[in-house]
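Below is a short briefing on one protein chain. Look over the sequence and the structure before reading the points.

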Amino acid sequence: MLKYLFKSRGSRNFTLIELLVVVAIIAILAALLLPALNNANRKGRSISCSNQIKTLGLGFLSYADENGGFLLPRRVDDGAQDHWMLAYLGIVNSISKRSEFTANNLPCPSADNSPGRIGYRGSGWHLDYSYNYFVPVDIIMISRLKNPSGVFTFIDGGKPVVSNSDYTDYVRFRHLDGYNWGFADGHVEYSKSLFSSNSTVWGKK
């Protein structure tokens, strides 16, 4: 008799109400967990972006080291309008003894293929970071950088070069309502607030 009762209880089917309760619990748990997972994913992309800007900063310092202290120019002599990336790629590939490094190796993972991405003369590559206009124009030499940790070089942006007259239109808040930016000493910061046009972070005269 006891064997029969235990067998009956073990093989009992769920009722429709019980199944609905289970489904509702799963849905609630998913609703609670998905935003956290999404934020974790976005945070991961922000960290990856920060590493990309860190790499740009190392190239920036390497350029100065290899060019007598002169800072990375905002354009090169082939007529490229405000495009420092060609000079940057030249020094990186020269130091590494490789030629396959391109701007496509430094994408912002949160930029995707949005219209705001920077293209270059139909070459097919994109760039997701903007260079501080005043660094190569006003400072020019690395020896003139009085506060390297307080002057930014690269920032999440939608234009090759930004200045204090147009940056509000081109800084991209791609990461949890914030952006990453790198400084002349090589460190990278995350910020949610936009700096002013008169801020010392520009390094302008």
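Y131 has V161 as its bridge partner in β5. This is a predicted model, in which local features need pLDDT of at least 70 and side-chain atom pairs count only at pLDDT 80 or more, while totals for chains, interfaces and linings use all residues. Residues are numbered from 1 along each chain as its sequence is written, and side-chain values use heavy atoms, with hydrogens and water left out.

Confidence
- The chain has an average pLDDT (the predictor's confidence in each residue, from 0 to 100) of 80, and 76% of the residues score at least 70.

Strand pairing
- Strands β3 (residues 129–132) and β5 (residues 161–162) run parallel and are joined by two bridges; strands are DSSP runs of E with at least two residues, numbered from the N terminus, and two strands pair if DSSP finds at least two bridges between them.
- β3 also runs antiparallel to β4 (residues 152–156), with three bridges joining them.
- S130 has I155 as its bridge partner in β4.

Around D166
- D166 is in the loop between β5 and α5 (167–170).
- D166 counts as buried (under 20% relative accessible area, with a 1.4 Å probe and protein chains only) because its relative accessibility is 12%.
- The side chains of D166 and K159 are joined by a polar contact of 2.4 Å; such a contact is a pair of N or O atoms within 3.5 Å, and within protein one must be able to donate a hydrogen and the other to accept it, while residues adjacent in sequence count only if both atoms are side-chain atoms.
- A polar atom of the D166 side chain lies 3.0 Å from the backbone nitrogen of S163.

How values were computed:
Helix = DSSP H or I, 4+ residues; strand = E, 2+ residues; numbered from the N terminus. Buried < 20%, exposed > 50% of the residue type's maximum accessible area, 1.4 Å probe, protein only.
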